[in-house]
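Please read it with the structure in view.

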Amino acid sequence: MPLPYEIVIGWRYTRAGRAARRNGFISFISAVSMLGIALGVAALIIVLSVMNGFQKEVRDRMLGVLAHVELLSADGAALADWQALAARVQQHPRVRASAPFIAEQGLLARGQDMKGVLVRGVDPALEPGVTALGADLAGSALAQLQPGAFGVVLGAALARQLGVGVGDAVTLIVPGGQVSPAGVVPRLRQLAVVGLFDSGHYEYDATLALVHLQDAQRLFRVEGPTGLRVRLDDLHAARAVAIELQAALDAAGSGVVVRDWTRANRTWFAAVQLEKRMMFIILTLIVAVAAFNLVSTLVMTVTDKRADIAILRTLGASPASVMAIFVVQGAVVGVVGTLAGLALGLGVALHIDTLVPALERLLGVAFLPQDIYLISRMPSDPQAGDVVPIALMALALAFAATLYPSWRASRVDPAEALRHE
């Protein structure tokens, strides 16, 4: 079937510069508008994909160290009966494993160097079941943590800052001094470094120290674990499971506070979501500017084609048909620009893990210093929930930009237009 003449003429006007030199400038403006839409769409896809990848990468590395759900004593003291609590928690169908822990602040010293650390007392037999880090260290560093030996496993970044390695000794200074004839003096304990770990998350690699659970009890003078770490079958169900566990434990009057991983890092995730929304709004303005360049393109085309419009009207074309011709011209620019932007954006987003390292080597710079951005490589995670709205938004803006010039074209008076020809 032949195409409607509105589509044929609209496509011909889009390619006007190829057929007639006098219309070359109009065609150039159309190409600029098309390129602007493509670059805006590509920029939106790349930026949002990188932000999604960054969020996913940091989340996964956080959960390599953190548990999905933590149960803590409300008063900060040791749990009354952590075995019974663990047995009760594991009755939930989504719970896969649990392990006791103690978490306290301290200072690690080596010579003149001193660093604030989070000292976590863990059970080497149960810890591999609740975190990826524990599973990675199960047969190596965690096996070296023996009760009463006062060994410690340090993050790789923390060990570098202190200048220590496996076999070296560090001094742990714990809160709460002890009374002596000379007054209150800090409590010190020498620990032997028995292993190192690298979780890929700089914040934990630079601040976390693991000791045996029984050693932590003696160091911090607590009678037992102060919390329980829980792993679920689905990390995204953590909030719902935490609410269910909290309700069940409150009904039993256990005095335990349940906290899931999303609440433990609420500020960070909220900041990422806010940045993502703001970047979407800012980059949408780029697409909007490019789309509304179509207004000037179509206005010039309408002015140039007044005689053609008058002839079409005298041949019986309706104002709606004339309007459709210029809508088609603008729509072609919008569709081609959007498709080109989708191809460019997805191409870069899907191969950013090879493009960015090559660019870093070429320029001799590091775009993501690990001590600032938590991770050292550029992640990317294109999601249909971002790509589809971007494409629809670009098409809608391009279509909206065609309405006014097309309406003006439909209002051209044939007699007035032909009088000056």
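A cavity here is a set of grid points where a 1.4 Å probe fits but cannot get out, and its volume is the space filled by probe spheres set on those points. The model is predicted. One cavity of 30 Å³ or more is found when the whole structure is searched, and the largest cavity holds about 50 Å³ of space.

**Lining of the largest cavity**

- Rolling a probe the size of a water molecule over the atoms shows where empty space is left.
- The residues lining the largest cavity are Val65, Arg120, Glu127, Thr131, Leu133, Gly134, Leu137, Leu142, Leu210 and Arg229.
- Helix H5, which spans residues 132-137, contributes the most to this lining, with three residues.
- Sorted by class, the lining comprises five nonpolar, two polar and three charged residues.

**Residues with positive phi**

- Most residues other than glycine have a negative phi.
- Phe150, which is not a glycine, has a positive phi near 55°.
- Phe150 is located in the loop between H5 and strand E4 (151-155).
- Phe150 counts as buried because its relative accessible area is 4%, and the cut-off for buried is under 20%.
- Arg221, also a residue other than glycine, has a positive phi of about 55°.
- The loop between helix H8 (213-220) and strand E8 (227-232) contains Arg221.
- Arg221 counts as exposed because its relative accessibility is 55%, and the cut-off for exposed is over 50%.

Definitions and conventions
Residues are numbered from 1 along each chain as its sequence is written. This is a predicted model: local features need pLDDT of at least 70, side-chain atom pairs count only at pLDDT 80 or more; totals for chains, interfaces and linings use all residues. Side-chain values use heavy atoms; hydrogens and water are left out. On a 1 Å grid over the protein atoms alone, a cavity is a set of points where a 1.4 Å probe fits but cannot get out, and a pocket is an open set with protein on both sides within 12 Å along at least five of seven lines; lining residues have an atom within 4 Å of a point. Helices (H or I, at least four residues) and strands (E, at least two) are DSSP runs, numbered from the N terminus. Ala, Val, Leu, Ile, Met, Phe, Trp, Tyr, Cys and Pro count as nonpolar, Asp, Glu, Lys and Arg as charged, and the others, Gly among them, as polar. Buried means under 20% relative accessible area, exposed over 50%, partly exposed in between (1.4 Å probe, protein chains only).
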